[in-house]
Amino acid sequence: MKNKIKNILENHELLRLATLDKEGFPNVRSVDFAINPENESNIYFTTFNKTRKVEELEKNNKVYIVVDKAASNIEELAQIQYIRATGNAFKVDTQEEANQAMGFLLGKYPFLKDLPGDPSMMSIYRIELDKVEITDNSLGFGHVDTQQY
């Protein structure tokens, strides 16, 4: 199960991150992400400090994520695997972990080195997954397995 999660996270490109706004409504956006290859339950993303997601995570660090991909025909749809998961997001606060996380992110998205502004304008977050639901259509449309961390 963990290998399937790792494979999905390594081979899908966008993570949809849901946080709660100040009225308690979900706020969803797509973020570039990378995992720690030694621990698929730790997902990293970077963001500018002055974003709503940072403000929302400071108030409530519980997150819901979806990592999926589109299908262009029924044959592809029949093979789709994706995850939905709950977890908590933590601001990375050590330079060692930040450097490691940026290495993972730049390995997957080399263009991130060209982000505008000074690095001090950015933060890196680590999502620690709790419960992951894996939908695997290759085992039957809507087939779901669950992994607890």
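Guide: At 3% relative accessibility, Y125 counts as buried, where buried means under 20% relative accessible area, exposed over 50% and partly exposed in between, with a 1.4 Å probe and protein chains only. The model is predicted, so local features need pLDDT of at least 70 and side-chain atom pairs count only at pLDDT 80 or more, while totals for chains, interfaces and linings use all residues. Residues are numbered from 1 along each chain as its sequence is written, and side-chain values use heavy atoms, with hydrogens and water left out.

Across the whole structure, a search finds three aromatic pairs; rings of Phe, Tyr and Trp (its six-membered ring) pair if their centres lie within 6.5 Å, and planes under 30 degrees apart count as stacked, over 60 as edge-to-face and the rest as tilted. One of them joins F45 and Y125, stacked because the ring centres are 5.5 Å apart and the planes stand at 10°. Since F45 belongs to strand 4 (residues 39-48) and Y125 to strand 7, this pair ties together parts 80 residues apart in sequence; strands are DSSP runs (E, at least two residues), numbered from the N terminus. F45 is likewise buried, at 0% relative accessibility.

Note on methods:
Helices (H or I, at least four residues) and strands (E, at least two) are DSSP runs, numbered from the N terminus.
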